[in-house]
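Please examine the model shown below.

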Amino acid sequence: MTTTHARSGETGETRRAAARPLPSQRVQQFGAGLRGAGAAGGYSRAPWVLGALVCAGWAFAFPLISNLASQRAWGWSAGAGYLLAALCAALLPRGRAASSAGSGAARPIRMAVALALLGAVVVPLVLLLVLGQAQSEVFVVQQSAVRLVHTGSPYLPHPADWTGYTPYLPGMTLFGFPHLVLPAVLGDARIWFLLAFLVCLVLAWRILRGGPLAVPFAAVVASPLVALPAAVSGVDLPMIGGCILALALAGRGNAARAGVVLGLVCALKWTAWPAVPVALLLLLQVGGRRAALRGTLWTGLVGGLLVVPFAVAFPQAMLEQVVRFPLGLSTVRTPAGSPLPGHILAQLGPAGRTASLALFALSGLAVCVWLLVRPPRDARTACDRLALGVALAFLLAPAGRFGYLQLPVLLVLWPRLALRTQRPTGPPVLVASSTDDADAVDSVHARAPEYADHPTGRPDDTDRDHDTHDHDRAAAPAANAARVAPTAPTPSTAGAAARS
């Protein structure tokens with residue numbers, strides 16, 4: 001241990017000033033920080049800074065191109081949050097108390113993610129809730145609940161314009177019921193959309209046995225992929241989270257729970273129906289025919305109870321509003337008109353619309369054949385298969401929005417994040433060399449279960465750590481003496497030496 005002494009006449013302020021790096025040194029440290037590890041799990045700063053800047057550019061585009069007040073408000077707030085996050089990830093020091101595990105190095109990333117979450121989700125959501133601003137689908141869901149209570153049907157029999165259409169299955173009405181019993185802000189459907197989505201993500205992460213959740217979870221929620229719909233709409237979030245959770249359950253062979261979740265999700269929007277064959281094929285691969293049949297039974301039972309009574313009582317309204325309207329085939333045109341390939345084809349006239357529908361059907365058939373030829377064998381593969389299918393469907397449908405593509409992106413992203421941070425489940429592999437002391441090797445092997453049971457591979461019991469250090473200090477002289485002392489010749493080695 002070394003001891004330093006202050007020179008005579010040197011004050012504390014003088015020593016602190018001398019310890020401050022020069023401007024050139026600051027530039028070098030900044031560049032090294034961007035290149036080196038800067039977050040927990042070995043993340044570097046540069047991808048986080050670049051990602052935050054891209055998100056800021058995306059957010060600031062909405063006040064310029066959107067005609068919706070809710071989206072413009074989100075753009076200003078989220079853009080500021082992403083810029084602050086980029087500055088924090090680039091400039092915030094890692095901290096003096098950085099441990100070897102990287103907890104200090106993670107501070108800039110954690111702070112950056114927190115700023116992005118605050119600016120992109122918390123502030124705009126609270127502001128829009130207080131102002132009562134949202135996209136039309138939020139009010140459609142809430143009004144469908146009011147209509148169901150008063151008339152017994154969530155659908156208007158003859159809507160005058162597109163604002164009277166309810167393009168969702170009856171299960172979506174459940175998210176409108178809090179509006180009937182809670183105050184205006186707490187009863188807003190966006191809160192319950194987001195809550196259901198977050199619960200599904202956390203459960204799926206645990207089922208996939210992911211590692212530390214806080215940073216990837218907050219980063220995904222703070223990204224424009226989730227933050228924008230959470231603040232202004234959120235109607236697709238429960239379906240996305242439910243699909244991920246159902247496939248994670250199916251990957252573990254839990255047929256009953258996967259079937260229940262699938263049934264609930266399929267009662268929200270028919271765009272979730274492609275998840276059913278994918279999950280059932282996964283159950284067939286993981287648990288066999290009985291698991292697949294059990295999953296089918298639970299899916300049909302839960303989904304049928306929520307959908308079939310309304311389909312029997314109001315068949316025309318459901319066909320017009322739930323199927324024809326979202327596909328752009330009804331007399332009233334849907335406002336979903338993003339310039340996707342299918343929509344562009346449909347704008348060319350009847351022939352273009354027919355071509356769009358034909359490509360839509362052919363893409364679905366091709367994905368089905370691919371699923372039968374190469375069925376998924378784990379949750380990640382199943383999510384990839386479903387993501388490809390729904391992405392092709394959204395791209396080739398006669399009507400669609402760019403926002404619909406958040407489903408395939410999250411299907412691909414979330415399982416990979418969970419599996420990337422997955423902790424090893426087996427005990428550590430200990431390899432002894434010929435120079436290791438035998439007693440020390442036996443002691444390490446005896447303590448191996450303690451390291452295997454600890455999530456980081458290091459027991460936290462300080463008393464046992466001190467005992468280990470004491471044992472090392474006591475065994476070191478004997479081990480060194482054994483290595484230095486000449487080895488007594490054996491009869492075989494002595495005979496070989498005599499012959500040579």
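**A buried aspartate and its partners**

D236 touches K269, Y404 and Q406 when residues up to four places away in sequence are not counted, contact meaning heavy atoms within 4.5 Å. The model is predicted, so local features need pLDDT of at least 70 and side-chain atom pairs count only at pLDDT 80 or more, while totals for chains, interfaces and linings use all residues. Residues are numbered from 1 along each chain as its sequence is written, and side-chain values use heavy atoms, with hydrogens and water left out.

D236 is found in the loop between helix 10 (224-232) and helix 11; helices are DSSP runs of H or I with at least four residues, numbered from the N terminus. At 11% relative accessibility, D236 counts as buried, a term for residues under 20% relative accessible area, with exposed meaning over 50% and partly exposed in between (1.4 Å probe, protein chains only). Its contact with K269 is a salt bridge, in which the closest N and O atoms are 2.6 Å apart; the term requires a side-chain nitrogen of Lys or Arg within 4 Å of a carboxyl oxygen of Asp or Glu. Because K269 lies in the loop between helix 12 (255-266) and helix 13 (275-287), and D236 in the loop between helix 10 and helix 11, the pair ties together parts that are 33 residues apart in sequence. K269 is also buried, with a relative accessible area of 10%.

In total, the structure holds five salt bridges. One of them joins D188 to R190, with 3.0 Å between the closest N and O atoms, and both of these residues are buried. Another pairs R324 with E320 at 3.5 Å between the closest N and O atoms. R324 and E320 are four residues apart in helix 15 (residues 315-324) and are therefore separated by about one helical turn.

The nonpolar interior comes next. A nonpolar core is a set of buried Ala, Val, Leu, Ile, Met, Phe, Trp, Tyr and Cys residues joined through side-chain atoms within 4.5 Å. The largest such core has 86 residues, of which W74, Y82, L411 and W414 touch the most other members. Helix 11 (residues 237-251) gives the largest share of this core, eleven residues. Apart from this core lies another, of eleven residues, including V141, A189, F193 and V235. With residues up to four places away in sequence not counted, the contacts of W74 include W58, F62, Y82, P124 and L228. S77 is found in helix 4 (residues 69-91) and is buried, with a relative accessible area of 17%.

W74 also takes part in a cluster with W58 and F62, linked by ring pairs. Rings of Phe, Tyr and Trp (its six-membered ring) pair if their centres lie within 6.5 Å; planes under 30 degrees apart count as stacked, over 60 as edge-to-face and the rest as tilted. The structure holds seven aromatic pairs. One of them is formed by F217 and W414, whose ring centres are 6.3 Å apart and whose planes are at 65 degrees, so the pair is edge-to-face. This pair links distant parts of the chain, as F217 is in helix 9 (residues 214-222) and W414 in helix 19 (residues 406-420), 197 residues apart. F217 is buried at 19% relative accessibility, and W414 is buried at 0%.

A further ring contact involves a charge: R385 lies over the face of W370, at 4.3 Å from the ring centre. The criterion is that NZ of Lys or CZ of Arg is within 6 Å of the ring centre and within 35 degrees of the ring normal.

C200 is buried at 14% relative accessibility, and C383 is buried at 1%.

Definitions and conventions:
Helices (H or I, at least four residues) and strands (E, at least two) are DSSP runs, numbered from the N terminus.
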